[in-house]
Number of protein chains: 4
Amino acid sequence: METFSNKLRKDVDPIWQRILFHPYLVEISNATLPIEKFMFYIKQDYSFLIQYARCLGIATAKVQDLETMRTFASLLNSSLTLEMRMLERLGLSLRISIEELKRAEPTPTNLAYNHYMLYVSYSGTVGEAMATMLPCMWSYQEIGERLDKSEKIKEHPIYSEWSSTYSSSEYIDLVKWYKTLVNELATQAGQAERKRMKSHFTISSKYEYMFWNMVYKQEQWPI
Amino acid sequence: METFSNKLRKDVDPIWQRILFHPYLVEISNATLPIEKFMFYIKQDYSFLIQYARCLGIATAKVQDLETMRTFASLLNSSLTLEMRMLERLGLSLRISIEELKRAEPTPTNLAYNHYMLYVSYSGTVGEAMATMLPCMWSYQEIGERLDKSEKIKEHPIYSEWSSTYSSSEYIDLVKWYKTLVNELATQAGQAERKRMKSHFTISSKYEYMFWNMVYKQEQWPI
Amino acid sequence: METFSNKLRKDVDPIWQRILFHPYLVEISNATLPIEKFMFYIKQDYSFLIQYARCLGIATAKVQDLETMRTFASLLNSSLTLEMRMLERLGLSLRISIEELKRAEPTPTNLAYNHYMLYVSYSGTVGEAMATMLPCMWSYQEIGERLDKSEKIKEHPIYSEWSSTYSSSEYIDLVKWYKTLVNELATQAGQAERKRMKSHFTISSKYEYMFWNMVYKQEQWPI
Amino acid sequence: METFSNKLRKDVDPIWQRILFHPYLVEISNATLPIEKFMFYIKQDYSFLIQYARCLGIATAKVQDLETMRTFASLLNSSLTLEMRMLERLGLSLRISIEELKRAEPTPTNLAYNHYMLYVSYSGTVGEAMATMLPCMWSYQEIGERLDKSEKIKEHPIYSEWSSTYSSSEYIDLVKWYKTLVNELATQAGQAERKRMKSHFTISSKYEYMFWNMVYKQEQWPI
């Protein structure tokens with residue numbers, strides 16, 4: 001039988017295809033992306049990860065089972081250290097100081113995406129919070145695996161270090177564990193909650209697309 | 001001494017000027033706004049007001065003082081009835097059924113704005129929540145008073161009914177009470193909270209501008 | 001088929017029997033309860049209702065459907081006005097000023113009960129919040145109907161005014177509506193959520209018993 | 001100048017004296033506490049720590065500064081692993097399985113205390129949440145240091161392993177860091193928030209006393 005997460009994935013495939021073949025990622029893959037766009041991305045992603053960590057904090061608080069709490073706490077911990085340290089390292093090699101990363105102001109699209117996630121985390125169930133956070137985690141794995149097949153990206157030390165984070169076996173295992181948990185929560189949930197999980201997954205998928213668009217265009221506030 | 005809310009208002013004046021003179025509102029004032037744009041607005045605003053009411057519910061839950069709780073509860077009640085019934089009435093006269101209003105899907109800008117507000121309401125103090133909700137309430141009063149001076153709008157029964165809601169003495173009293181409360185909360189707050197209140201007020205002011213822009217352009221999801 | 005709420009009610013019947021025949025209520029029914037205990041009760045209940053209203057505020061914010069939001073908002077409004085004004089009136093006739101009611105410090109049992117309810121409202125689903133709030137609302141109806149059969153209570157103007165609030169047809173209709181909504185939410189919920197709803201209902205039933213015990217013994221903080 | 005936390009500590013000194021000289025702790029110190037009471041304690045504390053971790057999760061989500069988020073996340077992580085593993089180890093040496101620890105039902109006092117903490121974490125500021133959590137963390141340090149001076153406890157491998165956790169230099173450093181942060185938050189806070197922080201600190205101190213009382217008497221639900 002098809003799992004809940006696989007069904008979600010199938011339904012948003014048209015959106016995910018546009019993510020995987022977004023000019024930003026195609027140019028990363030060919031190592032032709034202007035470095036300014038990547039620098040813009042790093043700052044926005046750093047800001048995003050701080051908010052993502054807040055969502056993980058709330059999810060840790062909301063999950064019923066102790067072992068899952070422990071895994072979430074460890075995930076939260078490594079998100080704030082390992083993943084953000086990687087961005088800090090890449091930033092430093094591009095002469096972006098850690099202070100500059102911390103000060104980065106989120107663009108409208110970034111703010112909209114992370115406040116959607118934060119609000120669902122506060123007001124919704126763990127299943128809803130996790131479904132909202134899943135497209136980010138999962139699509140990065142697909143992106144990482146895709147970029148891993150490119151020869152050209154290997155010539156670019158920065159782009160390849162960034163992308164290899166998301167094709168590592170640890171990362172793949174993490175996404176697998178996370179999807180299993182989403183599947184379990186969907187099984188326990190009633191029809192109405194499952195419908196909301198699906199809706200959150202779709203909206204976050206749209207926001208993922210819009211996020212890549214935003215960094216590619218280096219979006220600014222209209223006012 | 002200048003009140004906190006007046007200081008906030010002064011700081012965002014350039015944004016508010018662009019709100020007050022936004023083509024959407026200029027055309028409403030001249031009774032030249034295409035009715036489709038107004039219909040688009042009604043649906044988006046109806047959807048927005050539902051989320052606004054959620055914020056009022058949380059504010060009622062968070063406020064310390066019983067009398068303020070009572071006023072918030074009454075405000076919540078009248079927002080869900082009086083204000084929304086007015087939109088329902090206008091909708092019906094434009095052949096938009098109440099069901100259609102309820103089904104209206106928020107645009108990206110609408111979703112971003114109301115999730116910002118909802119998240120602050122859940123995670124922040126009452127002062128922060130109220131500062132986030134203030135630009136909507138207050139700018140509508142300024143808009144209402146401005147439109148009230150136009151002769152042309154009076155020829156348009158729908159636009160004038162809509163605008164007169166926000167220039168009524170009850171509405172003006174409500175905004176006055178609300179600002180007084182924000183001022184009190186700001187006085188009680190520490191420097192850090194006051195700074196966050198100011199930041200929320202500025203962001204919501206930007207979102208107000210973006211909201212008018214959104215309805216004027218009849219924004220769609222990019223994906 | 002038996003409704004969810006009726007199943008809940010049956011399962012806690014031993015607890016509810018001890019509520020209905022608690023000495024405090026037996027003595028109210030016989031009009032023999034020392035007035036000091038009733039005065040103690042009024043202060044504790046006033047404090048409790050403020051927190052109960054906070055829970056209703058959050059429930060209004062969390063419920064999906066607009067019409068239910070409207071009913072919750074109206075319930076919140078009347079809880080803060082009608083029900084509390086009744087306590088204020090009774091208090092005044094017993095020379096307890098409104099200020100004294102507002103200042104009343106909750107006892108440990110009161111604090112425990114209302115913080116349980118508040119936490120479930122913030123962290124749980126609407127179904128969970130409503131199941132937690134149901135024993136208070138529903139058991140008062142059974143208490144009201146029971147006391148209504150007593151002849152002796154009618155000789156006591158204060159006790160009979162208090163009890164008649166909860167045997168009025170408006171109150172009975174409200175409880176009926178509320179139970180119908182809990183039943184619907186239970187139908188939509190998954191097994192895990194339904195189990196939590198049942199658990200909250202049981203714990204709140206225990207707290208109801210402990211609340212009567214607390215006022216009867218005029219509980220104080222042990223330190 | 002006296003720090004905020006030291007002022008708090010002084011104000012509750014009468015309560016803390018009754019904690020430090022509670023029969024439960026005196027008997028632990030003399031190694032005369034019946035082991036059943038300690039076993040009862042371990043189960044209740046295990047249940048409490050799970051809820052305490054939820055509060056840390058929310059605090060991680062609410063704190064503004066990234067470095068503080070990181071420290072909180074690491075604290076949350078080690079609370080769920082190091083501290084709980086210690087209890088699991090002690091439990092196993094007393095033939096209490098981990099499953100038994102996980103199933104332990106909180107007593108009324110335990111439930112009241114942790115729901116107070118959980119509710120403040122959800123609804124209040126970080127300063128309020130931290131002030132609520134401080135008496136637990138800090139009083140355990142004072143208890144640990146006190147027990148460390150006893151010769152008799154050293155003869156009891158279980159009681160001494162338990163108490164030494166809270167007199168370790170790592171633990172002392174942690175409490176110190178935590179108090180510094182509370183002091184900073186109090187400095188940033190306005191008068192009203194500081195008053196609430198003080199009130200939470202006092203109530204949690206009372207609950208700490210009541211917690212020791214509860215395990216000493218092996219409290220049961222009255223119904």
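**Chains, contacts and helices**

Tutor: Chain D can be laid on chain A with an RMSD of 0.0 Å, by a turn of 180° and a shift of 0.0 Å along the axis. Copies are superposed by least squares on the C-alpha atoms of residues with pLDDT of at least 70 in both. This is a predicted model: local features need pLDDT of at least 70, side-chain atom pairs count only at pLDDT 80 or more, and totals for chains, interfaces and linings use all residues. Residues are numbered from 1 along each chain as its sequence is written, while chains are lettered from A and ligands numbered from 1 in the order in which they are written.

Student: What relation is that turn of 180° and shift of 0.0 Å?

Tutor: Two copies of a chain are related by a rotation about an axis and a shift along it. Here the turn is 180° and the shift 0.0 Å. That is the relation of a two-fold axis.

Student: In chain D, which residue has the C-alpha nearest the axis?

Tutor: That C-alpha lies 2.2 Å from the axis. Its residue is G57(D).

Student: Which element gives the most to the side of chain D that touches chain A?

Tutor: The contact takes 17 residues from chain D and 17 residues from chain A; two residues are in contact if their C-beta atoms, placed from the backbone, lie within 7 Å. The elements of chain D giving two or more residues are α4 (35-62) and α5 (66-93). Helices (H or I, at least four residues) and strands (E, at least two) are DSSP runs, numbered from the N terminus. With 9 residues, the top contributor is α5(D).

Student: What percentage of the interface residues of chain D are also interface residues in chain A?

Tutor: The copies meet through the same surface. The share is 100%.

Student: Where does the kink in α8(B) lie?

Tutor: Helix α8 (residues 126-148) of chain B has 23 residues and reaches 32 Å from its first C-alpha to its last. The kink is about 40°, shortly before the proline P135(B); a bend is the angle between axes fitted to the seven residues ending at a residue and the seven starting there. The kink lies at L134(B).

Student: Is E161(B) buried, exposed or partly exposed?

Tutor: E161(B) lies in helix α9 (residues 157-165) of chain B. It has 13 other C-beta atoms within 10 Å. Buried takes 20 or more, exposed 12 or fewer, partly exposed in between, with C-beta atoms placed from the backbone. So E161(B) is partly exposed.

Notes:
Expected span 1.5 Å × (residues − 1).
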